[in-house]
Amino acid sequence: MPDFLLDPDVVFLNHGSFGACPRQVFDEYQRWQRELERQPVRFLQRELPGLLADARLQVAHYLGARPTEIVFVPNPTFAANEIARSLPMGPGDEVLMTDHEYGACRFAFQFAAQQKGFRVVEQAIPLPVESNEAIVDTFWQGVTEHTKLIFISQITSPTALTLPVAQICQRAKEAGILTMVDGAHAPGQIDVHLGDLGADFYTATCHKWLCAPKGSGIFYVREDRQSLVEPLVVGWGWGPNKTFHRENEFLEHHEWLGTYDPAAYLAVPAAIAWQKKTMTDEVRHRSQDLARAAVAMAAEIEGIERVHPDSFFRQMGLIDVTAKYVDADMLKSRLYDEYRIEAPVVRWKDRIFVRVSTHAYTRQDHIETLVRALQEI
Ligand SMILES: Cc1ncc(COP(=O)(O)O)c(C=O)c1O
């Protein structure tokens with residue numbers, strides 16, 4: 001069993017919210033913090049540019065992008081804000097998203113829409129879904145001649161659904177519409193190749209399924225789109241006193257946003273190495289099987305139903321408990337207080353879902369505890 005720092009007394013079925021970090025990766029993170037504190041000036045001024053460039057190279061390689069197209073950011077909320085605020089959109093323009101998007105990113109676009117006068121349109125993707133083709137067709141009903149940008153999750157947060165983002169990016173490209181994919185749940189859970197995906201903009205967390213320390217995200221902007229993106233935070237990287245990458249404004253605008261602790265970013269290569277070594281096909285399949293078993297076993301309880309066919313999810317399964325419980329908060333509290341189960345209970349539209357995440361540390365008895373709790377509560 002891989003060595004995570006999780007409390008062994010908790011049945012941790014919520015990797016999806018903030019991830020969890022293996023001891024080895026966390027040690028590397030703290031090693032970087034100690035290095036910094038030994039000589040902060042040497043570390044931050046002289047060593048950091050090279051160290052970040054190396055970490056960026058490794059993450060770019062892992063995600064199939066050019067190193068000049070990827071920067072570290074704290075999280076996808078940051079990247080969504082940057083795109084929402086910098087793209088030249090105004091009255092008459094529309095940003096299209098699904099009704100499954102992550103709240104904070106949706107807010108980023110709604111806020112910018114209020115300021116700049118464009119409209120955010122949410123296209124419903126009703127559940128259950130049937131096929132990728134049907135999802136693309138349904139989503140495309142939201143496209144109009146005013147659509148300037150599509151913002152879409154690769155794996156959705158409230159509904160744990162894998163969306164056919166490559167097909168959507170392809171169709172958008174043909175229609176001359178820009179695309180931003182929110183891959184918060186993708187790296188570490190599914191193979192990502194940004195060069196092939198075809199998105200103009202992409203963001204993800206490294207701290208979720210890649211198991212890097214918290215606050216490590218990536219932001220990808222395809223080379224030919226970088227001139228569209230303005231820095232969200234203006235600092236030393238802007239103006240005449242450029243610091244690290246005089247030849248590349250995109251990197252320049254993102255690598256020194258004021259003093260910060262870069263240890264989480266520098267530990268991302270260790271997380272990638274851990275992932276490659278530990279998350280073998282066997283471990284990954286075992287973890288997927290546990291998520292599927294959780295859904296199947298729970299669906300045998302009266303009043304509980306499965307939502308997605310197996311092919312639409314991996315290490316995050318969704319259980320529809322709408323007919324059994326009316327109070328999502330009560331269920332969440334009782335799962336934790338009485339069974340020590342940490343699992344999100346999500347309200348989505350008029351439905352209540354329990355989202356079950358599984359990872360290398362998840363055991364069969366964790367799933368059995370959840371199913372027993374759902375039977376008993
Ligand atoms: C789909 C999705 N997008 C974005 C995020 C990013 O969250 P944050 O910016 O807080 O890391 C999450 C986090 O749960 C998510 O599930």
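Trainee: Which helices each supply at least two residues of the lining of the largest pocket?

Mentor: Helix 1 (15-18) and helix 4 (76-86) do. Helices are DSSP runs of H or I with at least four residues, strands are runs of E with at least two, and both are numbered from the N terminus. This is a predicted model, where local features need pLDDT of at least 70, side-chain atom pairs count only at pLDDT 80 or more, and totals for chains, interfaces and linings use all residues. Residues are numbered from 1 along each chain as its sequence is written, and side-chain values use heavy atoms, with hydrogens and water left out.

Trainee: What makes a space a pocket, and what volume has the largest pocket?

Mentor: On a 1 Å grid over the protein atoms alone, a pocket is an open set of points with protein on both sides within 12 Å along at least five of seven lines; in a cavity, a 1.4 Å probe fits but cannot get out. The largest pocket has a volume of about 370 Å³. Volume is the space filled by probe spheres set on the points, which are joined across faces, edges and corners.

Trainee: Which lining residues are closest to the centre of the largest pocket?

Mentor: Gly16, Ser17, Tyr102, Ser157 and Lys208, out of 23 lining residues. A lining residue has an atom within 4 Å of a point. Helix 1 gives the largest share, three residues.

Trainee: Why is the largest pocket said to lie between domain 1 and domain 2?

Mentor: Domain 1 (11-20 + 279-376) and domain 2 (26-275) both give residues to its lining, so it lies between them. The domain bounds come from an automatic or database domain assignment.

Trainee: What makes the bond between Glu69 and Arg66 a salt bridge?

Mentor: A salt bridge needs a side-chain nitrogen of Lys or Arg within 4 Å of a carboxyl oxygen of Asp or Glu. The closest N and O atoms of Glu69 and Arg66 are 3.1 Å apart, so the pair qualifies. The structure holds 20 salt bridges. Asp200, Arg222, Asp224 and Arg225 are linked in a network of them.

Trainee: Why is Glu69 called buried?

Mentor: Buried means under 20% relative accessible area, exposed over 50%, and partly exposed in between, with a 1.4 Å probe and protein chains only. Glu69 has 4%, so it is buried.

Trainee: How do you know whether Lys349 is buried or exposed?

Mentor: Its relative accessibility is 54%, so Lys349 counts as exposed. Lys349 lies in the loop between strand 12 (345-348) and strand 13 (351-357). Lys349 and Asp365 are 16 residues apart in sequence and 31 Å apart in space, C-alpha to C-alpha.

Trainee: What does Thr369 touch?

Mentor: Val11, Tyr339 and Ile341, leaving out residues up to four places away in sequence. Contact means heavy atoms within 4.5 Å. Thr369 sits in helix 14 (residues 364-376). Its relative accessible area is 15%, so Thr369 is buried.

Trainee: What phi does Ala160 have?

Mentor: A positive phi of about 50°, although Ala160 is not a glycine. Ala160 is in the loop between strand 5 (147-153) and helix 7 (165-175). At 1% relative accessibility, Ala160 is buried.

Trainee: Which residues does a cis peptide bond join?

Mentor: Leu127 and Pro128, with omega about 0°. Pro128 lies in the loop between strand 4 (119-123) and helix 6 (132-140).
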